Amino acid sequence: MGHRKYAQPRRGSAAYYPRGRAKSMEARIRTWPKNNSDEPKILAHCGFKAGCVQLVTIDDREKTPNAGKQLVSLGTVLVTPPVSILGVRGYSKDHYGLHAEFDVYAKEFPKNISKEINFKNKEGAMENAEKILGRVKEIFAIVAVSPRDAGLEQKKPYIFEALVSGGDIKKQFAHVKELLGKEIKIDQIFETGATIDVAAITKGKGWQGVIQRFGVKKKQHKSRKTVREVASLGPISPASVMYSVPRAGQMGFHQRTEYDKRIMVIGNTENNQIKINPDGGYKHFGLVKGDFIILKGSVPGTYRRLIKLRSQIRNAPVKITKPNILEVVI
């Protein structure tokens with residue numbers, strides 16, 4: 001009991017409050033980068049986490065001590081089945097925020113998606129949308145991905161919005177209009193060597209105490225009542241506990257966005273020269289079939305979880321260079 005003799009930094013970052021459970025298994029992307037080119041482009045895709053590998057590469061980062069030398073790093077394998085373009089949505093903008101002005105859906109959906117969910121257009125939806133394009137500020141593509149295409153058991157597809165950027169609003173609307181009802185593969189949006197951001201829901205760890213949740217130091221074994229609790233919750237007056245005091249609660253299953261993940265490999269299991277599947281498949285996932293990518297470093301979330309991929313919003317490089325991969329160790 002009593003005051004500290006020496007000052008010490010707080011235990012656990014307050015930057016990640018509130019640490020409550022995520023409302024959905026699907027992460028939300030709230031902020032989007034700008035595409036300055038004249039050609040419109042969809043800025044997002046998605047995949048499912050399969051497992052991890054080791055990448056043996058030549059370090060191509062300039063002005064680093066290891067430049068030009070062999071480098072072994074962690075790689076995360078994501079299965080990226082094609083996403084279907086279900087519709088296009090236009091938003092107007094005022095000082096209150098964005099407001100949806102119109103939704104236009106494709107006439108036909110893929111079978112695996114139309115069985116589970118179906119949208120229908122109102123009469124003259126396309127014509128009405130083209131009339132009010134003048135007050136539209138942002139165009140989003142409504143995309144869907146079926147976990148069945150990645151070899152998972154879940155039937156219900158994931159449906160989310162992806163920003164279309166580049167050119168003017170009319171070009172963006174025309175671009176999505178051409179893609180309605182079609183599928184887009186990962187290599188049509190991103191390229192090998194590009195850097196992207198990933199958003200996902202982290203692994204859930206349930207209810208944990210302050211020692212596990214915040215890394216608070218244990219009290220001495222002769223302390224009063226408990227060892228694995230916080231020593232002081234604050235002053236007597238005011239008689240309230242501040243939000244910044246570490247407390248027990250939910251740990252994990254939070255939404256997190258990680259920036260600057262480099263795409264090391266974009267491939268397909270049918271025509272790819274690199275062997276990607278271990279014998280018997282990945283633990284807790286199985287065999288990777290179809291399109292996949294390998295990202296450098298770790299990715300939040302457990303295996304089989306949906307990972308959303310967004311164009312890079314920070315530190316965009318001037319030139320994209322393809323990585324020199326010597327070997328993929330499974």
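This is a predicted model: local features need pLDDT of at least 70, side-chain atom pairs count only at pLDDT 80 or more; totals for chains, interfaces and linings use all residues.

Biologist: How many aromatic pairs does the count come to?

Modeller: The count comes to eight aromatic pairs. One of them joins Trp32 and Phe140, an edge-to-face pair with 6.1 Å from centre to centre and 75 degrees between the planes. Trp32 belongs to the segment before strand 1, whereas Phe140 is part of strand 6 (residues 138-145), so this pair ties together parts that lie 108 residues apart in sequence. Trp32 has a relative accessibility of 16% and therefore counts as buried, the limit being under 20%. Phe140, at 6%, counts as buried by that rule. The rings of Tyr105 and Phe119 make a further pair: their centres are 4.8 Å apart and their planes meet at 10 degrees, so the pair is stacked. Because Tyr105 lies in strand 5 (residues 97-105) and Phe119 in the loop between helix 1 (111-114) and helix 2 (125-131), this contact ties together parts 14 residues apart in sequence. Tyr105, with a relative accessibility of 13%, counts as buried, whereas Phe119, at 26%, counts as partly exposed.

Tyr17, Phe214 and Tyr243 form one aromatic cluster. The charged end of Arg21 sits over the ring of Phe253, 4.5 Å from its centre. Arg314 places its charged end over the ring of Tyr259, in this case 3.7 Å from the ring centre.

Charged side chains also meet one another, and the structure holds ten salt bridges. Lys308 and Glu26 form one of them, with 2.9 Å from N to O. Since Lys308 lies in strand 14 (residues 306-311) and Glu26 in the segment before strand 1 (41-42), the pair ties together parts that are 282 residues apart in sequence. Lys308 and Glu26 are buried. Glu161 and Arg89 meet in a salt bridge as well, at 2.4 Å from N to O. Here strand 7 (residues 158-165) supplies Glu161 and strand 4 (residues 83-94) supplies Arg89, so the bridge ties together parts 72 residues apart in sequence. Glu161, with a relative accessibility of 25%, counts as partly exposed, while Arg89, at 19%, counts as buried. A network of salt bridges links Arg89 and Glu161 with Asp103. Asp197 forms a salt bridge with Arg310, the closest N and O atoms lying 2.8 Å apart. Because Asp197 is in strand 9 (residues 195-201) and Arg310 in strand 14, this bridge ties together parts separated by 113 residues in sequence. Asp197 and Arg310 are buried.

The nonpolar side chains come next. In soluble globular proteins, nonpolar side chains tend to be buried together. The largest nonpolar core of this model has 77 residues, and Ile42, Phe102, Ile139, Ile294, Leu295 and Leu309 are those with the most contacts inside it. Strand 6 gives the most to this core, contributing seven residues. At least three residues of the core come from each of domain 1 (25-80 + 185-216 + 246-329) and domain 2 (81-184).

In helix 3 (residues 169-179), the buried residues are Ile169, Gln172, Phe173, Val176 and Leu179. Viewed down the helix axis, the buried residues fall within an arc of 130 degrees, so they line one face of helix 3. The face turned away from that buried side carries the exposed residues Lys170 and Glu178. After helix 3 comes Gly181, which has a positive phi near 80 degrees.

Note on methods
Residues are numbered from 1 along each chain as its sequence is written. Side-chain values use heavy atoms; hydrogens and water are left out. A salt bridge is a side-chain nitrogen of Lys or Arg within 4 Å of a carboxyl oxygen of Asp or Glu. Helices (H or I, at least four residues) and strands (E, at least two) are DSSP runs, numbered from the N terminus. Buried means under 20% relative accessible area, exposed over 50%, partly exposed in between (1.4 Å probe, protein chains only). Rings of Phe, Tyr and Trp (its six-membered ring) pair if their centres lie within 6.5 Å; planes under 30 degrees apart count as stacked, over 60 as edge-to-face and the rest as tilted. A charge sits over a ring if NZ of Lys or CZ of Arg is within 6 Å of the ring centre and within 35 degrees of the ring normal. The arc is that of the directions from the helix axis to the C-beta atoms. A nonpolar core is a set of buried Ala, Val, Leu, Ile, Met, Phe, Trp, Tyr and Cys residues joined through side-chain atoms within 4.5 Å. Domain bounds come from an automatic or database domain assignment.
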